[in-house]
Each structure stands twice: as C-alpha cells, then as structure tokens.
Amino acid sequence: MRIDAKWPEIAIFQTKKYRNARVEAHNALFWMARASHSFLEPTLGNGHLSLFWNEKHCDFRTRLLVNGCQIGLHLPDLELYFCENEEKVPHSFWLDDRTPAFVEAWYLVEFLHRGIEQAKFSTALPFDCPDMLMGDTEDHNASLFKTELTAINESLGVALNMLKIVADQLARHNNFVSKPGQITLEPQSFTLIVRGDLATTNGNAVLVGFSVGDHLRPGPFFYSKTCEQVTDSKHHPLDYNPANIISLQSIADQAVSGEELVKKLVNLAIG
C-alpha cells in the first residue's frame with residue numbers, strides 16, 4: 001500500500017518566521033486549553049485538555065465543555081470560534097492585531113451571550129511554557145505568518161494520517177491491545193499523540209507522536225516514548241530519547257517514503 005506523505009517545503013521550517021508562527025499557534029492552543037480547564041474536571045496527565053481533529057470541518061476542537069459547546073480552531077489563520085451541536089457559530093476571534101487581553105474579553109462576552117457562568121472561566125493552566133503570552137503589551141500577528149501557519153497545518157495533516165496507520169499496525173501486533181488508540185493534539189507540548197496500550201496486566205503504554213517543534217528543537221519531528229516518561233515527575237514533557245526521534249529534516253534529506261516512515265515508527269514503538 002502506498003502512503004501519501006507530501007510534506008510542505010522543508011525550508012519553511014528552518015526560518016525565524018516559522019519559530020514565531022509556532023509560538024503564535026501554540027498560544028491559540030493555550031486559549032483552547034483554558035476553556036477546557038475552566039469547565040472540565042481535571043484528569044490524570046491533563047487528558048481533559050486534549051484536542052481532536054474534526055474530519056468534517058477540518059479543524060481542531062476541544063472536548064464538549066458546557067451546554068453542548070466546544071471551542072474550535074482553524075489553524076492557518078488562527079481563528080477561534082464556538083461550536084454548538086458540532087457546528088461552527090458566528091462571532092469568531094482571530095489572533096491578529098490583538099493582545100491576549102482581547103481574547104479573554106472575547107471569551108467572557110461569548111459566555112455571557114450563551115448564559116454560561118463567566119466566573120468559572122480562568123486563564124490559569126496546569127502547566128507552564130516559555131511560549132505563553134499574556135497581558136496587553138504584545139499583539140498576536142497571525143497575518144504575518146500565513147505561509148508558516150499553513151505549513152504547520154499541512155504537516156499536522158500528513159502526520160495525522162501517518163499516526164492513524166501506525167495505530168492500526170500496533171493494534172495488530174501481539175505486544176499491543178487490539179484496539180487502535182485515538183489521536184489527540186496536546187496543548188502543553190503542541191504534539192499529535194497516539195497511545196499504544198501494551199497487552200500486559202500492568203497497563204503500560206507507548207506513545208508515538210509528532211511535534212511541530214519546541215524551544216529545544218525548532219523543527220518538526222516524530223518520536224516515541226513510554227508513558228512513564230510522560231507521567232514521571234523526573235521527566236520534563238520535552239524530554240525525548242534522541243534515538244527515538246525522527247526529524248522532518250532527516251525525512252527530507254533521506255527521501256524517506258511514507259511506507260518507510262510508518263515502518264520506522266512502528267519499530268520504535270515495539271522497541
């Protein structure tokens with residue numbers, strides 16, 4: 001089976017503009033996570049903050065929050081919006097030429113219009129990140145990074161399809177349970193993740209993921225890690241075994257096909 005793996009132009013990911021665009025997009029995820037954290041019960045590993053790809057509308061969304069509402073994000077232009085009964089509704093907010101303080105004000109107005117208790121909304125998050133922007137001194141500037149934001153969105157789309165195939169193959173392997181894991185986008189680390197539960201009694205699992213980059217590794221990369229590396233307080237969320245990382249740069253340099261990449265990711269997960 002041929003696997004389509006058409007990545008954006010690799011040079012885009014090597015620029016300062018890409019790094020700035022990644023910070024802008026990461027902050028959009030933080031704002032989605034703030035809504036989730038305000039209205040959902042916290043869960044182990046912050047699973048209540050996970051975001052999900054909506055195939056029909058081609059966007060990322062939170063879990064259902066309150067009164068059937070979700071927050072959606074159109075990543076190429078950093079458009080945030082409410083969704084009701086799975087449909088996008090008017091009065092979007094674009095992270096462009098606006099400070100973070102304006103985002104908070106937008107949320108409060110939208111909650112008021114829906115009869116949702118504003119006092120429950122908080123900008124607090126259960127984690128810290130050096131990319132986090134707050135206050136009213138610095139504007140978001142999505143329109144300056146249209147090319148880079150589009151590249152992030154396209155790379156996430158390719159990676160999502162890859163991880164679906166990886167999940168299916170792990171589910172057919174004797175080491176793993178037979179149900180494919182669900183793919184989520186994690187706001188803290190800006191990574192797509194699929195969980196492969198090991199077929200053992202101790203409930204251990206392996207995570208295979210795709211990061212758009214971070215302040216330690218600016219370009220996108222795939223990785224594999226154990227759940228212990230995620231939940232153990234001794235490990236930072238951005239700690240990865242270098243041997244378990246496959247950078248997008250190396251994929252381009254070595255002309256790695258989609259089929260080869262899936263095989264490499266499955267082998268990393270199996271160990």
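How many helices and strands are there in the protein? The protein contains 6 helices and 13 strands, where helices (H or I, at least four residues) and strands (E, at least two) are DSSP runs numbered from the N terminus. The model is predicted, so local features need pLDDT of at least 70 and side-chain atom pairs count only at pLDDT 80 or more, while totals for chains, interfaces and linings use all residues. Residues are numbered from 1 along each chain as its sequence is written, and side-chain values use heavy atoms, with hydrogens and water left out.

## Overall form

The C-alpha trace spans about 50 × 45 × 40 Å along the principal axes.

Of the 271 residues, 50% count as buried. Buried means under 20% relative accessible area, exposed means over 50%, and partly exposed lies in between (1.4 Å probe, protein chains only). The accessible surface comes to about 13,000 Å², and 51% of that surface belongs to carbon and sulfur atoms. These areas come from the Shrake-Rupley method with a 1.4 Å probe; for residues, only the protein chains shown count as cover.

A contact is defined by heavy atoms within 4.5 Å. Among the contacts with a separation of 6 or more, 58% are between residues 24 or more positions apart.

The protein carries 24 positive and 33 negative side chains, and the centres of the two sets lie 5 Å apart. Lys and Arg count as positive and Asp and Glu as negative, whereas His and the chain ends are not counted. The place of a charge is taken as NZ of Lys, CZ of Arg, CG of Asp or CD of Glu.

## Nonpolar cores

A nonpolar core is a set of buried Ala, Val, Leu, Ile, Met, Phe, Trp, Tyr and Cys residues joined through side-chain atoms within 4.5 Å. The largest such core has 69 residues, of which Y107, L156, L192 and F222 touch the most other members. Helix 3 (residues 146-171) gives the most to this core, with 13 residues. Another core, of 7 residues, lies apart from the largest one and includes A205, L207, Y223 and C227.

When residues up to four places away in sequence are not counted, L192 touches F60, L156, A159, L160, L163, I183, T184, L185, V208, G209, F210 and Y223.

## Selected residues

S36 lies in helix 1 (residues 16-39) and counts as buried, at 0% relative accessibility. Leaving aside neighbours within four places in sequence, S36 is in contact with H48, L49, T62 and L65.

S224, in strand 12 (residues 221-226), is also buried, with 3% relative accessibility. Its contacts, apart from neighbours within four places in sequence, are V206, L207, V208, N244, L268 and A269.

D197 belongs to strand 10 (residues 191-197) and is partly exposed at 28% relative accessibility. Not counting residues up to four places away in sequence, D197 touches N175, F176, V177, N204 and A205.

N267 is placed in helix 6 (residues 258-270), and its relative accessible area of 45% makes N267 partly exposed. N85 lies in the loop between strand 4 (79-84) and strand 5 (87-88); N85 is exposed, with a relative accessible area of 68%.

The table gives C-alpha separations for pairs that involve some of these residues.

| Pair | Separation in sequence | C-alpha distance |
|---|---|---|
| N85 and N46 | 39 residues | 24 Å |
| D197 and G209 | 12 residues | 14 Å |
| N267 and K6 | 261 residues | 22 Å |
| S224 and A11 | 213 residues | 25 Å |

## Backbone angles

Most residues other than glycine have a negative phi. N46, although not a glycine, has a positive phi of about 60 degrees. N46 is found in the loop between helix 1 and strand 1 (52-54) and is buried, with a relative accessible area of 18%.

D97 likewise is a residue other than glycine with a positive phi, near 55 degrees. D97 lies in strand 7 (residues 96-98) and is partly exposed, with a relative accessible area of 48%.
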